[in-house]
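These are my notebook entries on one structure. I record what I looked up, entry by entry.

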Amino acid sequence: MEDQILQILKSVIGVDDIDSSVSQDNCEQWDSMAQLNLVVELEMEFDITLEPEEISEMRTFSDVVRVVKAKKAQ
Amino acid sequence: MFVFRNNTVERFFPKDYTFSGYDDISLVPSDADGYVWFYQAPLAFDTFSASEQVRAYSDKLDYVMQCIDPGKTVVALTMEPLYSVPFTDDDHLLREAVEEYNHNLFLLSDTNPNLKVIDLSEFTSAYPGEELIDWKFYFLSQMGLNPRLSKPFQEWWRRKLDSIALRRKKCLVLDLDNTLWGGVLGEDGIDGIKLSGDYPGKAFHFFQEAILSLSKSGVILAVCSKNNEADVLEAWEKNPFMVLRKEHFSAMRINWNDKASNLKELASELNIGLDSFVFVDDNPTERELIRQMLPMVSVPDFPIQPYDLPQFFSKMVEDYFRVYTVTEEDRKKTEQYKANAARSQAQSSFSDFSSFLRSLDMHLKIERADQFNIPRIAQMTQKTNQFNLTTRRYTDADVRSFIEKGWKIWCLSVADRFGDSGITGTVFVDGNRIDTLLLSCRILGKGIEGAFLKSVLYSLRDEGVKEVHAEYIPTAKNSQVKDFYDKQGFTFVGGEPDGARTYSLSLAGADLTVEDCYHVSAE
């Protein structure tokens with residue numbers, strides 16, 4: 001699942017050379033538009049609905065993985 | 001493309017598009033290669049102020065259109081009210097404002113040919129209202145359309161741009177049995193095929209009517225069917241319910257050869273690339289053969305049930321044939337392609353050229369320039385490049401002034417048994433000097449040029465001209481006529497280093513009889 005999420009992240013921010021350390025603070029392309037696209041792609045890929053509170057928590061790659069995993073576990 | 005918008009729409013367009021600020025028209029970038037106008041209805045409860053806002057959007061577009069280079073395309077989407085909660089049934093304010101906005105778009109596109117209006121409801125009507133907007137994303141990111149719809153939207157958008165660029169497939173190749181009618185002609189007979197009355201005949205009849213109207217928009221029809229040609233011709237003639245008949249098809253291959261070879265032959269006969277073909281056949285094996293042998297041909301799946309034909313037709317049009325507008329030329333295309341195909345078929349069935357020419361039953365009408373044909377004559381001097389001896393470009397006004405000065409100007413119309421090509425040649429004579437002689441390419445290859453020149457010379461001799469002078473001026477495109485006057489029996493007088501040549505011909509002893517395969521009527 002981490003790999004899948006990383007692939008989605010790469011495609012929405014349009015940068016290929018990122019790894020699991022990526023975050024909104026160290027990657028300027030991860031802007032609000034990328035965040036929106038990320039949410040839509042994650043929701044479609046994993047068949048989940050992310051709540052606004054969860055979306056605002058997702059500031060780093062590990063945040064994203066944690067939120068999506070928790071969501072899938074529900 | 002640069003997008004003017006009032007909501008977040010980046011996701012719906014290709015990645016290289018750029019965007020205005022929200023509802024911001026202060027910047028109209030002049031370096032964009034085109035523009036998009038995508039304003040969505042305001043999501044507000046006060047219908048009065050919402051409707052005022054919609055009116056303001058119209059004014060903004062008016063202003064933007066004035067700032068944009070009229071040589072660049074602006075694609076405007078119509079507005080659809082995505083969400084409104086009128087508290088009374090008689091509150092039509094927003095609905096009316098949106099209709100007025102859309103109406104204004106159409107009016108504006110009448111006066112601005114570079115403005116193309118596309119109907120957003122074509123896209124939105126495919127989805128139930130609650131799927132069109134996702135309020136979470138509206139509140140989070142001001143998305144006026146559900147971001148999950150971006151992929152189908154982008155596909156729709158690409159098709160719309162194709163339609164605006166007038167890109168469409170040119171030719172629809174149709175099978176017959178179980179495609180244009182139910183049943184098999186060879187087994188069921190002319191009266192046994194299903195084409196009328198009860199289902200499924202009704203469905204096939206509907207399908208034929210749909211295809212006929214498609215052909216009137218400029219799509220060429222062809223037949224590719226495994227049948228006995230004589231049976232099909234008889235069915236077309238004798239079955240009273242047949243909508244599509246022989247005259248609607250520009251070319252046909254009704255035989256037992258494999259369909260890939262037939263399609264290749266059709267392509268060369270019609271002179272259309274195979275990538276402009278759409279092949280419709282009920283037989284999955286034939287479709288598979290074409291997909292494998294000729295992958296450039298578009299091959300839509302054909303419905304198993306005849307009642308699915310209307311849906312099939314509408315999708316086929318949307319996928320391959322929809323264009324933004326159809327010109328007069330397009331409407332005539334079927335006729336012209338048919339005539340050319342018939343001519344090339346006729347040519348191949350005659351062993352010697354002169355009996356082919358005779359079979360064409362050509363009529364040449366040579367008329368003096370008058371107020372009705374002068375615009376066409378001037379246009380030909382502007383556009384004709386290949387069969388043009390001197391390539392002098394003239395305007396309507398030039399032509400009129402020449403006539404006042406006493407020049408003799410004729411134009412040529414040609415008709416044969418396959419069709420009328422209209423005015424397709426002209427000659428300008430100043431005293432005894434041929435100033436201009438040109439013919440449109442589409443009538444070449446039949447010796448018409450010689451018959452035309454001889455008829456004109458004949459008239460000049462009648463009027464007392466003893467000797468004519470003529471010249472050839474070379475251009476990058478007219479080398480095919482450099483020996484024209486030599487072939488017509490003129491005397492070479494002299495040549496210039498740049499390739500220009502002058503000629504003369506004494507009319508007294510010249511043989512000016514026109515071969516009897518050309519029926520000439522001259523003024």
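Is B:Tyr39 buried or exposed? I found B:Tyr39 at 0% relative accessibility, so B:Tyr39 counts as buried; the term buried means under 20% relative accessible area, exposed over 50%, and partly exposed in between, with a 1.4 Å probe and protein chains only.

**Basis.** I worked from a predicted model, in which local features need pLDDT of at least 70 and side-chain atom pairs count only at pLDDT 80 or more, while totals for chains, interfaces and linings use all residues. Residues are numbered from 1 along each chain as its sequence is written, chains are lettered from A and ligands numbered from 1 in the order in which they are written, and side-chain values use heavy atoms, with hydrogens and water left out.

**Chain B overall.** I noted 18 helices and 17 strands in chain B; these are DSSP runs numbered from the N terminus, helices being H or I with at least four residues and strands E with at least two. Of the 523 residues in chain B, 49% are buried. I also looked up contacts, meaning heavy atoms within 4.5 Å. Among the contacts in chain B with a separation of 6 or more, 69% come from residues 24 or more positions apart.

**Aromatic pairs.** I counted 35 aromatic pairs over all chains. Rings of Phe, Tyr and Trp (its six-membered ring) pair if their centres lie within 6.5 Å; planes under 30 degrees apart count as stacked, over 60 as edge-to-face and the rest as tilted. B:Trp37 and B:Tyr39 are a stacked pair, with 4.2 Å centre to centre and 5° between the planes. B:Trp37 has 0% relative accessibility and therefore counts as buried.

I then examined B:Phe302 and B:Phe312, whose ring centres are 5.2 Å apart with planes at 65°, so this pair is edge-to-face. The pair links distant parts of the chain: B:Phe302 sits in the loop between helix 11 (284–293) and helix 12 (309–321) of chain B, and B:Phe312, 10 residues apart from it, sits in helix 12. Both B:Phe302 and B:Phe312 are buried.

Ring pairs also build a cluster, whose members include B:Phe12, B:Tyr17, B:Phe38, B:Phe123 and B:Trp157.

**Salt bridges.** My search of the whole structure gave 37 salt bridges over all chains, each being a side-chain nitrogen of Lys or Arg within 4 Å of a carboxyl oxygen of Asp or Glu. B:Arg11 forms one with A:Glu41, the closest N and O atoms being 2.9 Å apart. B:Arg11 lies in the loop between strand 1 (2–5) and strand 2 (18–22) of chain B and A:Glu41 in helix 2 (residues 32–46) of chain A, so the pair joins two chains. B:Arg11 is buried at 10% relative accessibility, whereas A:Glu41 is partly exposed at 26%.

Which residue does B:Arg5 meet in a salt bridge? The partner is B:Glu10, at 3.1 Å from N to O. B:Arg5 is buried at 5% relative accessibility, and B:Glu10 is buried at 19%. B:Arg5 also lies over the face of B:Tyr22, at 4.4 Å from the ring centre; a charge sits over a ring if NZ of Lys or CZ of Arg is within 6 Å of the ring centre and within 35 degrees of the ring normal.

**A buried charge without a bridge.** I located B:Glu449 in helix 17 (residues 448–462) of chain B. B:Glu449 is buried yet has no salt bridge, and the nearest side chain of opposite charge, B:Lys487, is 7.4 Å away. For this I took Lys and Arg as positive and Asp and Glu as negative, with His and the chain ends not counted. Leaving aside neighbours within four places in sequence, B:Glu449 is in contact with B:Phe387, B:Leu439, B:Leu444 and B:Phe484.

**Helix 9 of chain B.** I listed the buried residues of helix 9 (residues 229–238) as B:Val232, B:Ala235 and B:Trp236. Seen down the axis of helix 9, these fall within an arc of 100°, so they line one face of the helix; the arc is that of the directions from the helix axis to the C-beta atoms. The face turned away from the buried side carries the exposed residues B:Ala230, B:Glu237 and B:Lys238. What covers the buried residues includes helix 7 (185–188), strand 7 (220–225) and strand 8 (251–254) of chain B.
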